[in-house]
Each structure stands twice: as structure tokens, then as C-alpha cells.
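The following note sets out several points on the helix packing and the nonpolar core. Please read it alongside the coordinates.

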Amino acid sequence: MRLIALPAAALLLSLAACGRQTPAENKADQLDQAARESDPAAAPVLENAADALRDGNAVDPQAALAEGGMAQAGTAPPTASGLGGAADDTLVANRSAAPR
């Protein structure tokens, strides 16, 4: 009986580990979900912030949501990372330096 339980437990543990995501991937998925549920003006801001997170850039999801809200209200232009200013300049520099 023990011989059957051990492989079954190992299989369950390995399957559970396969579905794990990094915190950045989880935040990016949440931003993508917010983009799908948001106003068309805010969606690109949130999607770009999610992409930036997946590319390994530091993005504050709360700032991205705020930037999306400002884009929806028409008070700020959409930005590449959802952060604006110097963060976008750095993001653009990082993207243009990255190999394609």
C-alpha cells in the first residue's frame, strides 16, 4: 500500500508545482484582467504595464491602475509602463537595447 501512495503523492506535488507563477506574472495577469474589464481608453495603459512586468521591468500595479483611470478620464495620455515620466524613458531605452 505504501508503494502506491508514495508515487501518487509525488505526482500530485509535481502537478501542483507546474501551475505556479511568479508574483510578477500574477500581477501581470491581474492587470490584463483589469484591462479586459476596463474602459477602452484605460485598457492600453494596463496592457502595457502588464507587458512591462512580464519583460522584467519594475511596475507598480497601483500606479498603473491610477494611470489607466487618468487615461479613462482624459486627464493624462497613455504611457508605455503605466508609470509615466522617467519610468517610461527607462522602459523605452531598455526595450530598444534588448535583442529581438
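At what angle do helix α3 and helix α4 pack, and how far apart are their axes? The points below begin with that pair. The model is predicted, with local features requiring pLDDT of at least 70, side-chain atom pairs counting only at pLDDT 80 or more, and totals for chains, interfaces and linings using all residues. Residues are numbered from 1 along each chain as its sequence is written, and side-chain values use heavy atoms, with hydrogens and water left out.

1. Helix α3 (residues 43–54) and helix α4 (residues 61–73) pack at about 155 degrees, and their axes lie 8 Å apart. This angle makes α3 roughly antiparallel to α4 (angles under 35 degrees count as roughly parallel, over 145 as roughly antiparallel, 65 to 115 as roughly perpendicular and the rest as oblique). Axes are lines fitted to C-alpha atoms, for helices over the stretch in contact, with angles running from 0 to 180 degrees between N-to-C directions. Helices (H or I, at least four residues) are DSSP runs numbered from the N terminus.

2. On the α3 side, the contact with α4 is made by Val45, Leu46 and Ala49; α4 contributes Ala64, Leu65, Glu67, Gly68 and Ala71 (contact means heavy atoms within 4.5 Å). These residues divide into six nonpolar, one polar and one charged (Ala, Val, Leu, Ile, Met, Phe, Trp, Tyr, Cys and Pro count as nonpolar, Asp, Glu, Lys and Arg as charged, and the others, Gly among them, as polar).

3. The packing angle of α2 and α3 is about 165 degrees, with an axis separation of 8 Å; α2 and α3 are therefore roughly antiparallel to each other. Their contact has ten nonpolar, no polar and five charged residues.

4. The largest nonpolar core comprises eleven residues, including Leu31, Leu46, Leu53 and Val59 (such a core is a set of buried Ala, Val, Leu, Ile, Met, Phe, Trp, Tyr and Cys residues joined through side-chain atoms within 4.5 Å). The largest share of this core, six residues, comes from α3.

5. Leaving aside neighbours within four places in sequence, Leu53 is in contact with Ala24, Lys27, Ala28, Leu31 and Val59. Glu25, in helix α2 (residues 23–37), is 28 residues from Leu53 in sequence and 7.3 Å from Leu53 in space, C-alpha to C-alpha. Glu25 counts as partly exposed, at 34% relative accessibility (buried means under 20% relative accessible area, exposed over 50%, partly exposed in between, with a 1.4 Å probe and protein chains only).

Notes. Helices (H or I, at least four residues) and strands (E, at least two) are DSSP runs, numbered from the N terminus.
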